[in-house]
Amino acid sequence: MAALSTGVGRGRCVGSLARVLRLVLPKGSLERATFELFEAADLSVVRSSSVDYKASIDDPRVDEVRILRPQEIAGYVEEGLFDLGITGRDWVEETGATVESLGELQYSKATSNPVRVVVAVAGDSDIESVADLPDGVRVTSEYPEMTRRFFADRGVDADVRLSYGASEAKIPDIADCVVDITETGRALRAAGLRVIDTILTSYTEVVVNRDSFADPDKHKAMNQLMTLLGGALEARGKVLLKVNVAAAQRDAVLSVLPSAKSPTVNQLANGDYAIETVVEKRGINVLIPALRDAGGTDLLEIPITKIVH
């Protein structure tokens, strides 16, 4: 901890922008998904090797990048060692860190779905809910503080034990129930466990130091990075579709397009129409032939890297 400087007053100017932000990104299960998002946002993370804890981002707002365990990130951001960090809401709640949130980034290690912190028991157990658990119940978890608060709030005097992993393997001989994280539930089901309650639903989140948040230059830089990251996330799984159509078939083509958002329709000099709209990539194999059958011509499918509203 002593080796990290708080960096007060730091910042190198590049053009009209100053390198003011110290970032900390998650190592481990979120690492790959986070790096892929930053690359899509044109904020590629560069380091000398996959085991290096120091990195850089070729961006005029970013002064320093570290890669650390997500369990530690919220605490370091609270202390002012970093201005901005990416971690899960689960670890913010577990550590009790006082930080500001710039918002959720809706991705996790395998999908765009949130992860859940759940209470699970053996599949053949008679326990149906947390209220059925007796005082003294043995609970193993990588989230001991969150777990203690949860059971205390429900009037259960639980014997909470810190787990360093493989929590699901400790039921029933070492522990009576587990508080664990799950994205799809497959690992818990494979271990013969059954979920009886959900403590927290957690997305990946951008957390920032309160003093940094109050600094106008840093606040502006943070919001600009969020614009890029949010735009890259919004564009995932979407393409821009362009199609020309004669005036007589215009309504038929429009009726085929998804109705979630109004397409842009422009009349051409020859009286035909040019139509463009953003659609989901999934299903494009059905949509393009349908547009062609409805009278569309000169169809273009164009990849999108960012959508900024």
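V265 stands opposite I275 in strand β17. The model is a predicted one, in which local features need pLDDT of at least 70 and side-chain atom pairs count only at pLDDT 80 or more, whereas totals for chains, interfaces and linings use all residues. Residues are numbered from 1 along each chain as its sequence is written, and side-chain values use heavy atoms, with hydrogens and water left out.

Strand β16 (residues 264–267) is joined to strand β17 (residues 273–280) by 4 bridges, and the two run antiparallel. Helices and strands here are DSSP runs numbered from the N terminus, with at least four residues of H or I for a helix and at least two of E for a strand; two strands count as paired if DSSP finds at least two bridges between them. Between the strands of this hairpin lie 5 residues, and G271 adopts a positive phi near 95°.

Angles in general run from 0 to 180 degrees between N-to-C directions, and axes are lines fitted to C-alpha atoms, for helices over the stretch in contact. Within β18 lies D298, which has a positive phi of about 50° although it is not a glycine. D298 counts as exposed, at 58% relative accessibility. The accessibility classes are buried under 20% relative accessible area, exposed over 50% and partly exposed in between, with a 1.4 Å probe and protein chains only.

A second open sheet has 5 strands in the order β11-β10-β12-β9-β13, and its pairing is mixed. Here β11 and β13 (193–202) stand at the edges with a single partner strand each, so one side of each has no neighbour in the sheet. The twist from one strand to the next averages 25°. Strand β9 (residues 115–122) pairs with β13 in the antiparallel sense over 8 bridges, and A122 has L193 in β13 as its bridge partner.

The loop between β11 (159–162) and β12 (177–182) holds P172, and the peptide bond from I171 to P172 is cis, with omega near 5°. A166 is placed in the loop between β11 and β12 as well; it has a positive phi of about 50° although it is not a glycine. A166 is partly exposed, with a relative accessible area of 48%.

Helix packing is the next topic. The axes of helix α1 (residues 31–40) and helix α7 (residues 216–235) come within 8 Å and cross at roughly 100°. This makes α1 roughly perpendicular to α7, on a scale where angles under 35 degrees count as roughly parallel, over 145 as roughly antiparallel, 65 to 115 as roughly perpendicular and the rest as oblique. On the α1 side the contact involves L37, F38 and A40, which meet L229, A232 and L233 in α7. The buried residues of α1 are E31, A33, T34, F35, L37 and F38. Just after α1, D42 takes a positive phi of about 60°.

Not counting residues up to four places away in sequence, F38 touches L23, L25, L43, S44, V45, I57, I86 and L229.

Note on methods. Contact means heavy atoms within 4.5 Å.
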